[in-house]
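Here is a briefing on one protein chain, arranged by topic. Please read it with the structure open.

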Amino acid sequence: MFKTLTASLLATSMLAGAAWAEKTVTAVMHSGLRVLDPVMTTAHITRDHAYMIYDVLIAQDSDFQPQPQMADWEISEDGKTYVFTLRDGLTFHDGEPVTATDAVASLKRWAENDAGGQVIMDRTESLEATDDKTIAWVLSEPFVPMLNVLSKQSALPPFIMPARVAETPADEAITDYTGSGPFRFVEEEFQPGVSVTYEKYDDYVPRDEPADWMAGGKHVNVDKVKWVNMPDIQTAVNALLGGEIDYIEQLQVDLLPLLEGDPNVTVEVREPTGMQTMTRLNFLHPPFDDPKIRQAALAAISQESVLAAMIGNPEYYQICGAVLGCGTPLGSETDASTLTEGGGMEKAKALLEEAGYDGTPVLLMAPTDLVALATQPVVVSQMLREAGFNVDMQQMDWQTLVTRRAGQAVPAEGGWNMFITNWMVPEISNPISNPMLNGRGDDAWFGWPTDETIEQLKADYIAAEDEAGQKEVSEEIQTHAIDNVLLVPLGQYSLPQARRNVITGMIESPVPVFWNIEKAE
């Protein structure tokens with residue numbers, strides 16, 4: 001398959017070169033793309049796709065500060081009314097102007113599925129377009145993190161779509177991919193899970209400021225960007241060395257020596273804040289509907305074993321028990337000692353016996369086609385079995401997992417008990433935006449815990465008068481999340497990326513973006 005794919009890439013390149021000097025950046029991303037609706041999933045590849053074709057109202061810079069993007073804003077003196085004004089020249093890819101009505105519809109759909117959006121809507125009295133360029137958002141009480149939530153770069157950023165698309169129910173996938181961003185989705189060339197092509201949208205009007213994380217001017221300097229899927233990372237490395245592709249988003253650390261000696265290739269870590277890898281359990285079905293059995297699973301897992309198998313080189317990983325991430329203003333490792341120091345196996349066995357665990361299988365979904373997720377399920381299943389769990393590890397590709405985790409069926413009928421995923425540290429560093437800290441049952445993130453205590457703690461966080469107060473509440477959130485096993489943090493890591501030196505101008509950003517990039521002839 002890969003020989004066919006690389007041959008196709010070469011043929012395409014030769015034909016393009018013969019016809020005209022089209023500049024195409026060919027990239028191997030961390031996963032193939034199948035899900036195209038960024039409101040339906042927090043999968044990073046879908047988010048990355050969305051940043052290509054959509055724009056956002058406001059965006060965060062590298063100092064985590066909200067900046068104007070599609071709109072500027074004013075806040076009333078009482079902190080209850082936010083007025084956003086769209087800038088001039090914004091159009092969708094069908095040529096129609098972006099209006100405040102489109103933005104309002106997009107924000108309402110986003111808020112149905114996003115943890116932070118749900119909290120904002122709890123405090124919303126009205127959200128409406130007062131004219132073609134003006135959005136008035138009136139709250140029932142001040143909400144200090146408002147702009148931080150709206151400008152977050154992940155997990156579910158509020159991308160702006162045409163109103164006719166955004167009026168699609170939030171639990172139904174969109175089928176119209178008319179975007180508002182710097183690239184246009186080439187639907188006729190899309191091969192789900194294999195390749196996706198984006199063309200420069202010539203009528204996109206970038207901001208004047210320099211690009212800075214997701215904020216600033218999104219200047220497109222190439223004609224096309226093509227993502228190709230190569231689940232075998234060795235194949236991708238060979239393709240990069242041979243000049244068939246320009247960029248690999250994630251590399252295995254043990255393959256670095258193959259690239260580091262090539263003067264035509266640059267290897268670098270472009271995620272300065274790193275990633276958190278973690279386990280999510282399903283609260284709906286046995287055995288993890290029992291909190292004592294969830295605690296047994298947490299006690300059985302040691303981060304060192306997971307990270308050593310996953311990354312190997314300690315230079316690229318960090319043991320960290322903080323739900324909100326280490327190195328962040330609110331990060332705390334309270335109550336996570338079994339994870340960070342190990343030694344919880346006997347406790348795990350005792351908890352299982354105390355809970356009367358009857359051997360109900362734990363269906364662990366294990367993706368086989370992602371560098372950053374291939375090893376954790378193997379190590380975690382081994383530790384759970386040692387504790388006494390009956391683990392049924394089922395292998396599948398990542399996009400199948402992403403689709404299956406959205407279903408609430410019992411495990412024997414297509415559901416699941418457990419999976420492992422990774423987050424950028426910025427997207428889990430705030431309790432309002434952290435998807436795992438959503439306790440709203442069916443409206444929560446996959447796993448669907450019903451947890452009134454975590455919702456009250458988040459309300460306490462919002463009501464805190466200063467940073468000291470927020471830090472105090474965050475400590476309570478850390479303790480509650482660990483005690484109730486809302487997630488199992490497995491540590492932090494960074495994976496290097498590689499690009500051929502013909503590619504320059506890639507901006508520093510936890511999200512891989514393709515504006516600002518130059519490609520030499």
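Pro-287 sits in the loop between strand 13 and helix 9. The peptide bond leading from Pro-286 to Pro-287 is cis, with omega near 5 degrees. This is a predicted model.

**Helix 9 and its surroundings**

- At the start of helix 9, a side-chain oxygen of Asp-290 comes to within 2.9 Å of the backbone nitrogen of Lys-292.
- Helix 9 covers residues 291-300, and seven of its 10 residues are buried, so the rest of the structure largely encloses it.
- The buried residues are Ile-293, Arg-294, Ala-296, Ala-297, Leu-298, Ala-299 and Ala-300.
- The cover over these residues includes two strands, strand 13 (275-281) and strand 18 (488-493).
- Helices also contribute to that cover, among them helix 11 (337-341), helix 12 (345-355), helix 13 (376-387) and helix 17 (467-483).

**Helix 2**

- Helix 2 (residues 44-53) is mostly covered, with 10 of its 10 residues buried.

**Nonpolar cores**

- In soluble globular proteins, nonpolar side chains tend to be buried together.
- The largest nonpolar core here has 96 residues.
- Leu-57, Phe-84, Trp-137 and Phe-389 have the most contacts inside that core.
- Another core, of 68 residues, lies apart from it; Tyr-51, Ile-174, Leu-256 and Met-310 are among its members.
- Beyond its neighbours within four places in sequence, Leu-57 contacts residues including Pro-68, Met-70, Phe-84, Leu-86, Leu-107, Ile-135 and Ile-160.
- Gln-69 is also one of the contacts of Leu-57.

- Four strands make an open sheet in the order 4-5-7-6, with antiparallel pairing.
- Strand 4 (71-75) and strand 6 (124-131) are the edge strands; each has a single partner, so one side of each has no neighbour in the sheet.
- Direction ignored, neighbouring strands of this sheet are turned by 15 degrees against each other on average.
- Strand 6 and strand 7 (residues 134-139) pair antiparallel over six bridges.
- Two residues lie between strand 6 and strand 7 in the hairpin that they form.
- Across this pairing, Glu-128 stands opposite Ala-136, and Ser-126 stands opposite Val-138.
- Strand 5 and strand 7 also pair in the antiparallel sense, over five bridges.
- In strand 7, Val-138 has Thr-81 opposite it.
- Five of the six residues of strand 7 are buried, so the rest of the structure largely encloses this strand.

- The axes of helix 3 and helix 4 (residues 115-122) come within 6 Å and cross at roughly 110 degrees.
- Helix 3 is therefore roughly perpendicular to helix 4.
- Trp-110, Ala-111, Glu-112 and Asn-113 of helix 3 meet Ala-115, Gly-117, Gln-118 and Met-121 of helix 4.

**Loop residues**

- Asn-229 lies in the loop between strand 10 (224-228) and helix 7 (233-241).
- Asn-229 is buried, at 11% relative accessible area.
- The side chain of Asn-229 reaches the backbone oxygen of Gly-193 at 2.9 Å.
- Pro-210 is placed in the loop between strand 9 (195-200) and strand 10.
- Pro-210 counts as exposed, at 67% relative accessibility.
- Setting aside neighbours within four places in sequence, Pro-210 contacts Ala-215, Gly-216 and Gly-217.
- Trp-213 is found in the loop between strand 9 and strand 10, and is buried with a relative accessible area of 4%.

**Backbone points to check**

- Ala-155 is in the loop between helix 5 (146-151) and helix 6 (163-166).
- Trp-213 is not a glycine, yet has a positive phi of about 50 degrees.
- Asn-516 has a positive phi near 80 degrees.
- Asn-516 lies in the loop between strand 20 (503-504) and strand 21 (518-519), and counts as partly exposed at 26% relative accessibility.

Methods: Residues are numbered from 1 along each chain as its sequence is written. This is a predicted model: local features need pLDDT of at least 70, side-chain atom pairs count only at pLDDT 80 or more; totals for chains, interfaces and linings use all residues. Side-chain values use heavy atoms; hydrogens and water are left out. A nonpolar core is a set of buried Ala, Val, Leu, Ile, Met, Phe, Trp, Tyr and Cys residues joined through side-chain atoms within 4.5 Å. Buried means under 20% relative accessible area, exposed over 50%, partly exposed in between (1.4 Å probe, protein chains only). Contact means heavy atoms within 4.5 Å. A polar contact is a pair of N or O atoms within 3.5 Å; within protein, one must be able to donate a hydrogen and the other to accept it, and residues adjacent in sequence count only if both atoms are side-chain atoms. Two strands pair if DSSP finds at least two bridges between them. Axes are lines fitted to C-alpha atoms, for helices over the stretch in contact, and angles run from 0 to 180 degrees between N-to-C directions. Angles under 35 degrees count as roughly parallel, over 145 as roughly antiparallel, 65 to 115 as roughly perpendicular and the rest as oblique.
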